Amino acid sequence: MPRRLVSAALLACLPGMAPASDLAPDLAGGLRACRSLTTAAARLACYDALPAGAATLTFSGHGSHITPGFQIDQPQRLRFENTDAVMVIYLLDATGAVVQNLHQGGGGTGAFLIDEPGQYRVQINATGGWRIWLETPEPPG
């Protein structure tokens, strides 16, 4: 799981992007705690105990923006929140092709399941504030 996370240094350097501390606090602290364990078995048990569905990556801003690329190796739910009148989102693949066009008219939230592993980024066109985050979906059953 740690390889999928974008480093705090990278996010801190990008204008208009939220710092990596916007990871769900319990998840960020849990990841740090798991990494500090010295045996592989203890680390694995620790990672397995982390909450399912917790946000793994968060971006926030105001107006239009394109996120840096991010890699997923298992399905992730792209969640989004709009705080103003219009928000149009383009999920882009590694080549820049549109995978999915999403929108949120007025304030509110929405979601889209990215089910294919790969490299992605998100283009946001918004009239106000927004937040986008990835969550690992709960396993079925």
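Modeller: Helices and strands are here DSSP runs, at least four residues long for helices and at least two for strands, numbered from the N terminus. The model discussed is predicted.

Biologist: Which pattern does the protein chain follow when read along the sequence?

Modeller: The protein chain holds 3 helices and 9 strands. Read along the sequence, their pattern is α-α-α-β-β-β-β-β-β-β-β-β.

Biologist: Among contacts between residues at least 6 apart in sequence, what percentage joins residues at least 24 apart?

Modeller: A contact here means heavy atoms within 4.5 Å. Of the contacts in the protein chain between residues at least 6 apart in sequence, the part that joins residues at least 24 apart is 74%.

Biologist: What percentage of the residues of the protein chain counts as buried?

Modeller: A residue is buried when its relative accessible area is under 20%. The protein chain has 141 residues, and the buried part of them is 37%.

Biologist: Which element gives the largest share of the largest nonpolar core?

Modeller: The largest nonpolar core has 18 residues, and Phe70, Leu78, Met87, Val122 and Ile132 touch the most other members. Two or more residues come from each of β1, β3, β4 (76-82), β5 (86-93), β8 and β9 (129-135). The largest share is 4 residues, and the element that gives it is β8.

Biologist: Which residues of β8 point to the face that is buried?

Modeller: The side chains alternate along β8.

Biologist: With which residues is Val122 in contact, leaving aside its neighbours within four places in sequence?

Modeller: Val122 is one of the residues that touch the most other members of the largest nonpolar core. Leaving aside neighbours within four places in sequence, its contacts are His65, Ile66, Thr67, Phe70, Leu78, Ile89, Tyr90, Leu91 and Ile132.

Biologist: How many bridges pair β5 and β8?

Modeller: In β8, Gln123 is the bridge partner of Tyr90. β5 and β8 pair in the antiparallel sense, and the number of bridges is 7.

Biologist: Which residue of β8 stands opposite Phe70?

Modeller: β3 and β8 pair in the antiparallel sense over 3 bridges. Strand β2 (residues 65-66) also runs antiparallel to β8, joined by 2 bridges, and Ile66 stands opposite Gln123. The residue of β8 opposite Phe70 is Tyr120.

Biologist: Why is the pair of Phe59 and Phe70 tilted?

Modeller: The structure holds 2 aromatic pairs. Planes under 30 degrees apart count as stacked and those over 60 as edge-to-face, with the rest tilted. The ring centres of Phe59 and Phe70 are 6.3 Å apart and their planes stand at 40 degrees, so the pair is tilted.

Biologist: How many residues apart in sequence are the parts tied together by Phe70 and Tyr120?

Modeller: Phe70 and Tyr120 form a tilted aromatic pair, with 6.4 Å from centre to centre and 35 degrees between the planes. Both Phe70 and Tyr120 are buried. Because Phe70 lies in strand β3 and Tyr120 in strand β8 (residues 118-126), the pair ties together parts whose separation in residues is 50.

Biologist: Which residues do ring pairs link into a cluster?

Modeller: Phe59 and Phe70 are both buried. The cluster linked by ring pairs consists of Phe59, Phe70 and Tyr120.

Methods:
Residues are numbered from 1 along each chain as its sequence is written. This is a predicted model: local features need pLDDT of at least 70, side-chain atom pairs count only at pLDDT 80 or more; totals for chains, interfaces and linings use all residues. Side-chain values use heavy atoms; hydrogens and water are left out. Buried means under 20% relative accessible area, exposed over 50%, partly exposed in between (1.4 Å probe, protein chains only). Rings of Phe, Tyr and Trp (its six-membered ring) pair if their centres lie within 6.5 Å; planes under 30 degrees apart count as stacked, over 60 as edge-to-face and the rest as tilted. A nonpolar core is a set of buried Ala, Val, Leu, Ile, Met, Phe, Trp, Tyr and Cys residues joined through side-chain atoms within 4.5 Å. Two strands pair if DSSP finds at least two bridges between them.
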